[in-house]
Every structure is written in structure tokens, then in C-alpha cells.
Amino acid sequence: MTGRRRTSTTPPVRPQRTGSRVSTKVKARALFAGAVVACASIAVGCGVVPGITGGSGDDTITVMTWAPQDTPATNKPGMPAMAEAYARWVNANGGIHGHKLKVLTCNDHNDTVYAAKCARRAADENVVAVVGSYSQHGRSFLAPLEAAGIPYIGGYGVTDDEFSSPLSYPINGGEPALLAGLGEQLGKACGPVALVRPDTVAGDQLPVLLNAGLKAEGHAPGTDQRAAEDATEYSQQTQLALGRASSDPLKRGCVVSALGDRTETFMDSFRRDRQDYPKVGTGTVLGSLDQSLIDSTGGQSSPYEGAHVTGWYPVASDKRWDPMRKVIKEQAFGDNRIDPADAGVQTTWIAYNVLKSVVESLGDSQVTSLAIRHALDNGLKVTTGRLTPTLSWRYEDLIAAVDFPRLVNAHVTFQVVRKGQLASERNGFIDVSKTLENADST
């Protein structure tokens, strides 16, 4: 997980939960309803100019996908590349219900100003949706999207704002579900747990979520070790984490790295330092680790062997990903930006299939951002080839998490690195909604 740099060391005041699960859900929905009212009050109406179809005046549907590229921190070039490949594929097969799909891409540079520029460009280009994107700067890009009435479909879920904006339609539980799920996974398998995470505003919430998962399994809270997300080495952090994880001689502890693209840098330091400490396990989340990283660091002999990993989707080798692999082979063969095992690429694939389902549900009606939002808000159910549970964004589909009122899919998968391969540790999806509902009181 990554995010913008911290501007204060004072921890944010979190709302206290009281009462039953029913009263919690009422509060969560009340917050969401308030957001809708606020959105409706914006001068430009949170809608679109009626009658505009994809910004082109013809049967073309124009959307946008953005992600950071060529930065010193987390990069997701495979997401816009996957979006472009998807467009080539659907257009080669007659479009979406006869509509040609046009994908605009934007590099947000992991920067608030560029993130806002991408969103304003989306509004200027009259796109009908922003689809399958990644940005750490939710507040910067969501305000322009809300002002223009543009839905944000299937963001990566790296910021809390994606789970509160009424125009956001998440397809997974984002980083909140991953960390809560990892806590549950490690709570059964580990002794003392030490978390190493970015020293950012977004990173501040990770220990709360991880501890909520640990608590659900009756485990003591983990220790929290902050680290610069763009550091070139992490010796100090690895030594502290190893010392804390190995503090109980009777239980094998675990070190958790949640540093996004810097996880590889962290593990280089971890590999050097671990031999000076008792043996510990490791844990992380998809996005910080994928199969290509395991392969490039030695496969079965890599430092990730035996690591516990929490993801949103089935393992990359699962046959349910075959349609995506077929599209990549047909439309992006040789494009090394697209790794089918990358969680960002997978998220973009699913998000575009959601878009396809929405457009098809509109039949011969005009495809506008307002029409897309109405379809999503009014109970459209989207199946994703069993890559996720069936998705729906009705008011009653929201889980009872006060901090995440737009979250509809809190399912994760438990995986483990075994013989150099990411494999399922437990069959099926695990619902961590109750853990997330209790996270703000942990």
C-alpha cells in the first residue's frame, strides 16, 4: 500500500463504534446518503450534459484509465496497457453492443497535481467513465470526477476515498480488505507479528486493519514499523522487524511487508539480515508480491518461499483467468508492461468486463455517464466469471463499515508461496466484512 507523504504525525481521529451491527449499518448508510446529497449540491450537478455519448457524437464510447508510470515509487503501467488491449479486442469483435470503445490513458505520476489533471482531462474529453485505474490521490481526482458526474469503476482501492465517494463503484475490497484478511490469515499461523509499511497518510491505516484481522483470531496486535516508500534500502527496518517478530522463543513470528513496489527492495535487506535472527515467517498482500517477483528472485529459493499472501482474486494460474490470457495473447503479445499475474492488470480486466455488462444492459439506449450510474445504482448484477462474487452496488449491498460506505465486496483469497509458486492456501473466498466493520473500534 502506498500513498501521499505524511504532513503531520498526529494520528487522525477515528469515529467510535457503538451499538449493534444494525445501528452501524444505519450510520454507514447515513454517511453515504450525506455524500450523495453533497454531490447533488455541486453547481454543475454531478451529472452530465444530456445527450452526449462518449464525447464523440457517434457510437463510440470514450473512457479513461490512469495509473502511475516511471516514478521512484509504485508503478502500474500494465493497467493502461491492459485497457488498450481490451479495447482492441472488443473493437475487433464488433465493439460493445455495436459501440466502438475508445480508451484514453493518463499518467498520474504518483502526484496530486497530475492526478487532478487526469481527472480534469477526463471531464474535458467527456468520457463516460474512468475504468480500472490506480492512484494514491483519491481526494485530488474524485472531486473533478464528481463535479462532472463521471463514475469511477473498479479502481485499485488504494485510498479510502474510493470507498466513500458516491460515484465510485469498487469491484474489490481494496487495501482495507487485504490487510484485514492478512491479519486473519496470520492470526492462525504466526506468533509475534511485525508490520513494515509506508510512512504516509494512507499507510497510517494499515496497522489498524491488520490488527483488526489479528484480533478476529484472538491474536495480539502487531508492531508497527514505518518506512519511506521510496527508500533504496531497509536495513534499519528489517532489523527492527526481525527483532520484534522473533521476540517469543516459543512461537515463530512473522514479518509483514506492505510496501508496494518497494517490497523487493525491502526483501533484499531482509534476506541479508535474517540469518542473524531466529527463523521467522513472512506475509504480504498481492500488489506487493506477485508470481513474476517470486520468479525473478529465485523461485523456490527466493526469500518469499513459504510466505502467506492475501489477494482479492483466485491465483494467477487458475483457469478462470484464461479469457484474459487469451486477450493478452491476441492483442498485446510481446507487450512486457502487461503481466497477467499482476493484481493491477487483473483489476483492470474485471473492471472493463463490468463496463461491458453495463453497456450491454442499456440495450439501444444512449450510453452516457448518467445512464451508466443509473444502471449501477439501480441493482444491475454483474458476474465476473467467478473471479469475484457477483457484484452489485445497490444501497442495500453496502457492508456495514462506517469507514468504507461504498465497499460491496469484502471477499479475499488466502494464498501461500509453495515450491516457488503462488498456490491457494484455502479454497474459495473468505468474507472479511465483519472484520472491517469492527476495524474502527480495534
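**A note on the second largest cavity and its surroundings**

1. Let's start inside: Val255, Val256, Ser257, Thr263, Phe266, Met267, Thr282, Gly283, Thr284, Tyr304 and Ala307 line the second largest cavity. A cavity here is a set of points on a 1 Å grid over the protein atoms alone where a 1.4 Å probe fits but cannot get out, and lining residues have an atom within 4 Å of a point.

2. A word on the basis: this is a predicted model, where local features need pLDDT of at least 70, side-chain atom pairs count only at pLDDT 80 or more, and totals for chains, interfaces and linings use all residues. Residues are numbered from 1 along each chain as its sequence is written, and side-chain values use heavy atoms, with hydrogens and water left out.

3. This cavity holds about 60 Å³ of space, and the count comes to two cavities of 30 Å³ or more. Its lining has six nonpolar, five polar and no charged residues, with Gly counted as polar and Tyr as nonpolar. Strand E8 (254–257), helix H8 (263–273) and strand E9 (281–285) each give the lining at least two residues.

4. Now to helix H12 (residues 369–377), where Ser369, Ala371, Ile372, Arg373, Ala375 and Leu376 are buried (under 20% relative accessible area, 1.4 Å probe, protein chains only). They pack against strands E4 (152–153) and E5 (168–169) and helix H11 (343–361). After H12 comes Gly379, with a positive phi near 100°.

5. Zooming out, the chain has 13 helices and 13 strands (DSSP runs: H or I of at least four residues, E of at least two). Of its 442 residues, 59% are buried.

Conventions: Buried means under 20% relative accessible area, exposed over 50%, partly exposed in between (1.4 Å probe, protein chains only). On a 1 Å grid over the protein atoms alone, a cavity is a set of points where a 1.4 Å probe fits but cannot get out, and a pocket is an open set with protein on both sides within 12 Å along at least five of seven lines; lining residues have an atom within 4 Å of a point. Grid points are joined across faces, edges and corners, and a volume is the space filled by probe spheres set on the points. Contact means heavy atoms within 4.5 Å.
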